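Colleague: I have a new structure to look at and would like to go through it with you. Could you put it on the screen?

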Amino acid sequence: MDFDQGPGPGSSIAVQDEATLNPNPFEVADEELDGVRVLAVNGELDLDTTPQLEERVEAALAAGDGGLLIDLSGCEFIDSTGIGLIVRTWQRLDADEDRGGEGRFALCGLGDQVRRLLEITGLESSIQTYRSRDEALLGLSSGD
C-alpha cells in the first residue's frame, strides 16, 4: 500500500502571489481639486493604519466646508476600523443637518472587498459612491 508522503524531490508546491504576502505600504495622498479635499488611500486600511487616515480626515474637516472625497482605488483591504472611520466621517458631513447635510462626502474607486462590506452593512444606500475620481469630483462640486 502506497501512502502519499507529500511533495518529494522535483515536485512543486503552489506559492501564493507575492502581492498577497507583501501588501503595498500604506500611504494617504492629500490634495484639493475643484474645491474638494481628496484623500487617496494606498495599501491596507486596518487597525494599524486607520489612525493615519483619521488624522488627514480631521485636518480636512478643520480646514473648511468643502466636500471630502476618499479615493479607495489603491486600497487593497479594509477592516471594521476603516469602515468605522468612513461611517463617522459620513455622519459628520452628510448626516449632520446643522452643517447643511447631504452631498459633502463621497467614496470612489471601491474594490470588490470594500463594496461587499458596504453592501453587507447596508451603507451602500447611504454613502455616496462613484466609480471614478472624476465622477465623484463632478458630483461633489455640483452638490448632486
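This is a predicted model: local features need pLDDT of at least 70, side-chain atom pairs count only at pLDDT 80 or more; totals for chains, interfaces and linings use all residues.

Colleague: How many helices and strands does the protein have?

Modeller: The protein has 5 helices and 5 strands. Read from the N terminus, the elements come in the order α-β-β-α-β-α-β-α-β-α.

Colleague: In what order do the strands sit in the sheet?

Modeller: The 5 strands form an open sheet in the order β1-β2-β3-β4-β5, and the pairing is mixed.

Colleague: Which strands stand at the edges?

Modeller: They are β1, residues 27-33, and β5, residues 128-130. Each has a single partner strand, so one side of each is left without a neighbour in the sheet. From one strand to the next, the twist averages 25 degrees.

Colleague: What holds strands of a sheet together in general?

Modeller: Strands pair through backbone hydrogen bonds, and they may be parallel or antiparallel.

Colleague: And how do β2 and β3 run, parallel or antiparallel?

Modeller: Strand β2 (residues 36-45) and strand β3 (residues 67-78) run parallel, and 9 bridges join them. As one example, N42 has G74 in β3 as its bridge partner.

Colleague: Let us turn to the helices. Which strands does α2 lie across?

Modeller: Helix α2, residues 50-63, lies across β1, β2 and β3. It runs at about 175 degrees to β2. Helix α3, residues 80-93, also packs on the sheet, where it touches β2, β3 and β4 (105-108). The direction of α3 makes about 170 degrees with that of β3.

Colleague: At what angle do α2 and α3 pack?

Modeller: The angle is about 10 degrees, and the axes of α2 and α3 are 10 Å apart. Angles under 35 degrees count as roughly parallel, and therefore α2 is roughly parallel to α3.

Colleague: Which residues meet there?

Modeller: From α2, the residues are T50, L53, E54, V57, E58 and L61. In α3 they meet T81, G82, L85, R88, T89, R92 and L93. The residues of this contact divide into 5 nonpolar, 4 polar and 4 charged.

Colleague: Now the whole protein. What share of the residues is buried?

Modeller: Of the 144 residues in the protein, 38% are buried. The protein exposes about 8,700 Å², of which carbon and sulfur atoms supply 47%.

Colleague: What about contacts between residues at least 24 apart in sequence?

Modeller: Among contacts between residues at least 6 apart in sequence, 62% join residues at least 24 apart.

Conventions. Residues are numbered from 1 along each chain as its sequence is written. Side-chain values use heavy atoms; hydrogens and water are left out. Two strands pair if DSSP finds at least two bridges between them. Helices (H or I, at least four residues) and strands (E, at least two) are DSSP runs, numbered from the N terminus. Axes are lines fitted to C-alpha atoms, for helices over the stretch in contact, and angles run from 0 to 180 degrees between N-to-C directions. Contact means heavy atoms within 4.5 Å. Buried means under 20% relative accessible area, exposed over 50%, partly exposed in between (1.4 Å probe, protein chains only). Accessible areas come from the Shrake-Rupley method with a 1.4 Å probe; for residues, only the protein chains shown count as cover. Angles under 35 degrees count as roughly parallel, over 145 as roughly antiparallel, 65 to 115 as roughly perpendicular and the rest as oblique. Ala, Val, Leu, Ile, Met, Phe, Trp, Tyr, Cys and Pro count as nonpolar, Asp, Glu, Lys and Arg as charged, and the others, Gly among them, as polar.
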